[in-house]
Amino acid sequence: MSRVFIILSILILSVSCQPKSEYDLVKERELASGKVVDDLFLDIRFGMGRKEFFGTCWEHNKNGVLVNGDHYLQIQYIPKMPSGKNAEMNFYPDFENDKLFFMPMEFGYTQWFPGNEEFSNDNLITDVVDLLESWYGKGFFEVANKDKSISAMVKIDGNRLIRVFKKNINTVRVEILDLRVKDIIEMTKKEEDASK
């Protein structure tokens, strides 16, 4: 029995002594800073209720900035891409307790077709990161698995996590998450599981 305990203790210590990744270090630093960043884009922000969100989108719709898209992320915006290429951005947020906490967005070049390298998702992801840097500032870095078969560009400002990755052959997905709400949801789920 004591031998099993010693082996388990060694395993726990070896895992806990693993060096932290750049992602973990940046996330810890940003959350510890206490900085709160709610701004997303087009006057949309973390914490706004559904009614305020729809009112903001309606105003942008009246001004021709936003339209109803034919995408499962129902709102469409045509951003001015740094490359000058035409792209569509579709988005629709998630709410928790009537507060916006998660914003998925998907980008695609309108002139994409198979085999045209000019409109490849490699060029699109560079264009999207450049656009996001113009909105949120520099500081994106790559996070990948060991063989780099799965990777994303990430930026963390205080509570705001931005993740950018290739979804498929012609789409780049961006996910913006309020880390404060993620922690609250995870804690609530643990409490619910513990009470069962």
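Guide: Let us begin with burial: a residue is buried under 20% relative accessible area, exposed over 50%, and partly exposed in between (1.4 Å probe, protein chains only). In this structure, buried residues make up 37% of the 196 residues in the protein chain. The model is predicted: local features need pLDDT of at least 70, side-chain atom pairs count only at pLDDT 80 or more, and totals for chains, interfaces and linings use all residues. Residues are numbered from 1 along each chain as its sequence is written, and side-chain values use heavy atoms, with hydrogens and water left out.

Visitor: How many helices and strands does the protein chain have?

Guide: Helices (H or I, at least four residues) and strands (E, at least two) are DSSP runs, numbered from the N terminus. Here the protein chain has 5 helices and 11 strands.

Visitor: Which residues have the most contacts inside the largest nonpolar core?

Guide: A nonpolar core is a set of buried Ala, Val, Leu, Ile, Met, Phe, Trp, Tyr and Cys residues joined through side-chain atoms within 4.5 Å. The largest one has 34 residues, and Ile44, Phe53, Phe91, Met103 and Val164 have the most contacts inside it. Helix H4 gives the most to this core, with 7 residues. A second, separate core of 11 residues includes Val26, Phe101, Phe141 and Val181.

Visitor: Is Asn90 buried or exposed?

Guide: Asn90, in strand S5, counts as buried because its relative accessibility is 4%. Contact means heavy atoms within 4.5 Å. Leaving aside neighbours within four places in sequence, Asn90 is in contact with residues including Gly69, His71, Pro104 and Glu106.
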